[in-house]
Amino acid sequence: MLFRSLQQGLALEPHRPGVRLAMADACEALGRSEESLTWCREENHAFPESIQAWAALGMALEKRGDRRAEAAYRQGHRLAPDAPDLAAHLGRWLQHDHRLEEAAEVMSPALKAHPEHGRLSWQWTVHRFLSGDLTSGLARLDTRWRAPGFPAPAPMASIPLWQLGEAPSDPILVEPEQGFGDTLQFLRFLGPLADRGHRIWLGIPKALERLVGSLPVERLLTGRQEATSAACRVPLMSLPSRLGLGSQDISGAPYLRIHHGNESPTRTRRRLRVGLVWRGNPGHLNDRRRSTPLELDRKST
C-alpha cells in the first residue's frame, strides 16, 4: 500500500526530492533489495547535488559489500565537507577498511562543526577505541545513545538513572545491554564499583547466570519485576564513565570464575568442549566483515 502511494505521488510530482529514497526504503523493507538500489540510483540521477541521495546510495552499496560505496560517500562529502551524516558514513567505511588516519581527517572537521551530532559523535567514539585510546573511548560511551538505531535496553522509568557527575544511591541496578560479548567484557567494572562500597544488583541474561556467580553482586536478576525496588540504575557500558575509569585502571586480572563444586576441573570425566562462534548478527551493517561461512572455518582447521 505504501509503495503504491509513493508511486502515485512520484507520477504526480516527478521532480520532488526524497520520494525515490522513500521508495528505496519501502523496497528494502519488502526484501526487494535490488529494486531498492535502483531507486537510490534514480534519486542520484535526478538530484546529483543531493548529499542525502549520495548517502543513501553509499549505504545501499555498503549493505551489499560493494566497494563502490566509498565513491558514493566521497562524492557526498565533497559536496558538503561539514555534513555530519556523510562524514560519519565515510568515516565508518574507512574505519572498517583500517584506514584510521583518513577516517580522522574526514570526521574531525565535521565534529568540530557539529559536536552534538549523534551518529558522528558515536562514530568518533568508535574511532577512539580503534586508535587505542581506551580512556577517551570509555569516557565517551554515552554517545551511543545518540546514534540512530543503537540498541538500548528497555527503559525502567520508575528507577532513576545514575547521571554522570552524580553520587548514586544503593542498591544500584546494573542493566544488561548489547550482546554477550560486550556484557562479558564490561562485567570487569563491577569490581571497582563494589570496592567503593556500593550494593550491586545485576540484571543478567539467564544464559550467563552461572558464569557470573563469582562477581561481587548482592543480587542477580533475570526478570524485570525483581528490579523495581532498586534505588537507581545504570547501563552496564556506562560504568567506566560513571566511575571515572580509564585504560590505566584495567588490570587484566581474571574476574570471572566458574564454581565446579567438589569436582576438580582437571579430573573430570567430561570431555573438554569448546564453542566456536563464526557468525554475528546478520542484520549488522558490517556483518560481511564480522562473519565467515562455517564451511570456510572447517577448511582452515
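This is a predicted model: local features need pLDDT of at least 70, side-chain atom pairs count only at pLDDT 80 or more; totals for chains, interfaces and linings use all residues.
Residues are numbered from 1 along each chain as its sequence is written. Local features need pLDDT of at least 70, side-chain atom pairs count only at pLDDT 80 or more, and totals for chains, interfaces and linings use all residues.

Start with the sheet. It is open and has 4 strands, in the order E3-E2-E1-E4, with parallel pairing. Strands here are DSSP runs of E, at least two residues long, numbered from the N terminus. Two of them pair if DSSP finds at least two bridges between them. The edges are strand E3 (219-221) and strand E4 (232-235), and each pairs on one side only. From one strand to the next, the twist averages 25 degrees. Axes for such angles are lines fitted to C-alpha atoms, and angles run from 0 to 180 degrees between N-to-C directions.

Now take strand E1, residues 172-175. With E4, E1 pairs in the parallel sense over 4 bridges. Ile 172 has Cys 232 of E4 as its bridge partner. Val 174 has Val 234 of E4. E1 also pairs with strand E2 (residues 200-203), again in the parallel sense, over 3 bridges. There, Leu 173 has Trp 201 of E2 as its bridge partner.

Which way do the residues of E1 point? Ile 172 and Val 174 point one way, and Leu 173 and Glu 175 point the other way. All are buried, meaning under 20% relative accessible area with a 1.4 Å probe, protein chains only.

Key. Side-chain values use heavy atoms; hydrogens and water are left out. Buried means under 20% relative accessible area, exposed over 50%, partly exposed in between (1.4 Å probe, protein chains only).
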